[in-house]
Amino acid sequence: MVDKANIDNYKQRVIADFNSRTNYDNDLRYRLANPLVELAQLQSGQKILDVATGTGIVAIAAAQIVGNQGKVIGVDISRGMLSQAQQKITVACLQNIELIEADADYLNFNDNSFDVIFCSSAIPWFSDIPGVLQSWYRFLKKGGLVAFSCFAKTAYTTSVVYRTVAQRNGISISNVNEILGKPEKCRQLLQEVGFVDIEIKQEQFGDYISLSDLESWWDINLNNAMGNPLLQVPEKLEQCKVEYIAELEALATDKGIWNDITTFFVLAHK
Ligand SMILES: C[S@@+](CC[C@H](N)C(=O)[O-])C[C@H]1O[C@@H](n2cnc3c(N)ncnc32)[C@H](O)[C@@H]1O
């Protein structure tokens, strides 16, 4: 369970950020999550863990395949996201999903207890990614599968430019897609933990952003739990925003600004 007294400021911001996303689901969310379930080739009766389940997109799809002989546990740090998941589970009349409000950095399940562990589009938010992978390795049964997605370090063009501009103005905002941002990095980290039979599929979900949307993307980057350091330096905000808009405008074509969403679907066995 989330220990309210001990969660740090960063986690509080993550929780507030996701609790505020009351209309989370859209077509892109499903397109990013569904391939993991397809690639995992689930079987009836399996026991599944979906880490950072959000609104339960993966957990629900998995529960429909593993059936009542199987079980899915979905964990998430945001109560708001879990409540959206619970509404969908109720509508789908699924009895084989349990939702747990918990921090992925401190999960505590028995060793060798899951056939498959999923994590879709969420790893960048964890504070200790190698530690989380080690815990997944312990929770998996021998031969069990981990299936997660993560983004290339070039992904989300406006956030790349946002960080570059902040850096130039003396404010460092870490790139959360740095640690797993290249296939060879995913492979190396998994091998260090002990995973074998590693497969990585790369897909592009990018699209064009119109110039008129740059302001709202600025707000998204600024208020994102991870983009927050710039808010601590209000005197630099205006200058950073001017540079951000200018740099993105310079990338514009007649279709708009290309927003890279290079995504890796990573599968590995214990
Ligand atoms: C981009 S959403 C992805 C949700 C879902 N997996 C999907 O594919 O739609 C990221 C999720 O990670 C959750 N999250 C972030 N940090 C977490 C942590 N430390 N422990 C558990 N969940 C976390 C957020 O609450 C949010 O639901």
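1. A residue is counted as near a molecule if its C-beta atom, placed from the backbone, lies within 6 Å of that molecule. In this predicted model, the shell around the ligand holds 22 residues, of which Ala52, Gly54, Ser78, Ala104 and Ser120 come nearest. Helix H1 (9-19), helix H2 (27-40), helix H3 (57-66) and strand E2 (71-76) are the elements that each give two or more residues to this shell.

2. The crossing of H2 and H3 is right-handed.

3. On the H2 side, the contact is made by Arg29, Tyr30, Ala33, Asn34, Leu36 and Val37; H3 supplies Ile57, Val58, Ala61 and Ala62. By class, eight of the residues in this contact of H2 with H3 are nonpolar, one is polar and one is charged.

4. Ser113 lies in the loop that runs between strand E3 (97-101) and strand E4 (114-119). Ser113 is partly exposed, because 15 other C-beta atoms lie within 10 Å, whereas a buried residue would need 20 or more and an exposed one 12 or fewer.

5. Leaving aside residues up to four places away in sequence, Ser113 touches Lys47 and Phe139. Ser113 and Leu49 are separated by 64 residues in sequence, yet their C-alpha atoms are 9.3 Å apart in space.

Key
Residues are numbered from 1 along each chain as its sequence is written. This is a predicted model: local features need pLDDT of at least 70, side-chain atom pairs count only at pLDDT 80 or more; totals for chains, interfaces and linings use all residues. Helices (H or I, at least four residues) and strands (E, at least two) are DSSP runs, numbered from the N terminus. Two residues are in contact if their C-beta atoms, placed from the backbone, lie within 7 Å. A crossing is left-handed if the near helix is turned anticlockwise from the far one by less than a right angle, and right-handed if clockwise. Ala, Val, Leu, Ile, Met, Phe, Trp, Tyr, Cys and Pro count as nonpolar, Asp, Glu, Lys and Arg as charged, and the others, Gly among them, as polar.
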